[in-house]
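Visitor: Hi, I have a protein model open and I would like to go through it step by step. Could you help me read it?

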Amino acid sequence: FLPCKNLTIGLSETAIYGERGFDLGYLIPIMFFWSEQHYLGDRDNLLMSFDVSYYPVDKLKLYSAFLFDDLYIDKLGSDYWGNKWAVQAGAHYVDPLNLHGLSITAEYVRIEPYVYTHFYQINSYTQLEQFLGYPMQPNSDKILFAADYWFNAKLRLNAKFESIRHGANPPGENVGGDILLGHRTGDPDTKEFLGGIEDNTLIISGGASYEFIPELFIKLGGRYEKNSFDGNENSSYRLIASVSYRYY
């Protein structure tokens, strides 16, 4: 929806299911996925989302997205495990302070416990155990700062800072921190954001990309990662070099 030239609003539905034949009801153009999923016996993993982009001034974009995996209206405001939601909010600014070629991004993401999971593992929001949604486990949040600078038409520099907090599942327990493990009978009916084992990660990365000839790129970069899991810390460094060619 484009209610005005500097505002964009989007709505979406997603249904995940597996281990059975294709359901043609999901292809009916006027059918809400929620209605079809309810008709099929509430056995699929249905997600609904709302996103908005707003340009308050030239070269500044504010954006946000809200994802609802499950929502129980009568238990809103409580710590009931079944209220599963996620939020993303950020700002992207081009040419700040008239520094042409520079763009900066600041973003925050929060994913509540059990988001993306399902009581049938085949219906988790994954494909071959890879994330289909935001690439972060449930029961996590992240702060991100990024900068890109086009030195000229061929040379691009970039830097990124990420701080990720995650509440991991303790051995034999389920606090909603694993995308492949949904809520089970016997698991607590309440949730605690970032509950479980403390799992914190700090990532600092940067690099450069140069286009020697049209579509031929050489990239150099580095990445530092520090992880603290249940009080135990470890860190790693990585240097990256690659050559790529885009052929159309």
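Visitor: In what order do the elements run from the N terminus on?
Guide: This is a predicted model, and from the N terminus on its elements run β-α-β-β-β-β-β-β-β-β-β-β-β. Counted up, that gives 1 helix and 12 strands.

Visitor: Which strands does strand 5 pair with?
Guide: Strand 5, which covers residues 102–111, pairs with strand 4, residues 84–94, in the antiparallel sense over 9 bridges. Strand 5 also pairs with strand 8, residues 140–150, and this pairing is antiparallel too, over 10 bridges.

Visitor: What stands opposite His92?
Guide: His92 has Thr105 of strand 5 opposite it.

Visitor: Let's go inside. Which residues touch the most other members of the largest nonpolar core?
Guide: That core has 14 residues, and those touching the most other members are Leu47, Leu67, Ile111, Val115, Tyr116, Tyr134 and Met136. As a general background, nonpolar side chains in soluble globular proteins tend to be buried together.

Visitor: What is Met136 in contact with?
Guide: If we leave aside neighbours within four places in sequence, Met136 is in contact with Val109, Ile111, Tyr116, Phe131, Asp141, Lys142 and Ile164. Across the protein, among contacts with a separation of 6 or more, 58% are between residues 24 or more positions apart.

Visitor: Now the outside. Which residues form the nonpolar patch on the surface?
Guide: The patch is formed by Phe1, Leu11, Phe32, Trp34, Met48, Phe50, Phe66, Phe68, Leu71, Ile73 and Leu76, which together have about 1,200 Å² of accessible area. Two or more of the patch residues come from strand 2, residues 45–54, and likewise from strand 3, residues 60–70.

Visitor: Where is Phe66 found, and why does Phe66 count as partly exposed?
Guide: Phe66 is found in strand 3. Phe66 counts as partly exposed because its relative accessibility is 33%, and that label is used between the cut-offs of 20% and 50%.

Visitor: How much accessible surface does the protein have?
Guide: The accessible surface of the protein comes to about 15,400 Å², and 60% of that belongs to carbon and sulfur atoms.

Key: Residues are numbered from 1 along each chain as its sequence is written. This is a predicted model: local features need pLDDT of at least 70, side-chain atom pairs count only at pLDDT 80 or more; totals for chains, interfaces and linings use all residues. Side-chain values use heavy atoms; hydrogens and water are left out. Two strands pair if DSSP finds at least two bridges between them. Helices (H or I, at least four residues) and strands (E, at least two) are DSSP runs, numbered from the N terminus. Patches are made of residues with over 30% relative accessible area and no salt bridge: like charges are joined within 9 Å, nonpolar side chains (Val, Leu, Ile, Met, Phe, Trp, Tyr) within 5 Å. Accessible areas come from the Shrake-Rupley method with a 1.4 Å probe; for residues, only the protein chains shown count as cover. A salt bridge is a side-chain nitrogen of Lys or Arg within 4 Å of a carboxyl oxygen of Asp or Glu. Buried means under 20% relative accessible area, exposed over 50%, partly exposed in between (1.4 Å probe, protein chains only). A nonpolar core is a set of buried Ala, Val, Leu, Ile, Met, Phe, Trp, Tyr and Cys residues joined through side-chain atoms within 4.5 Å. Contact means heavy atoms within 4.5 Å.
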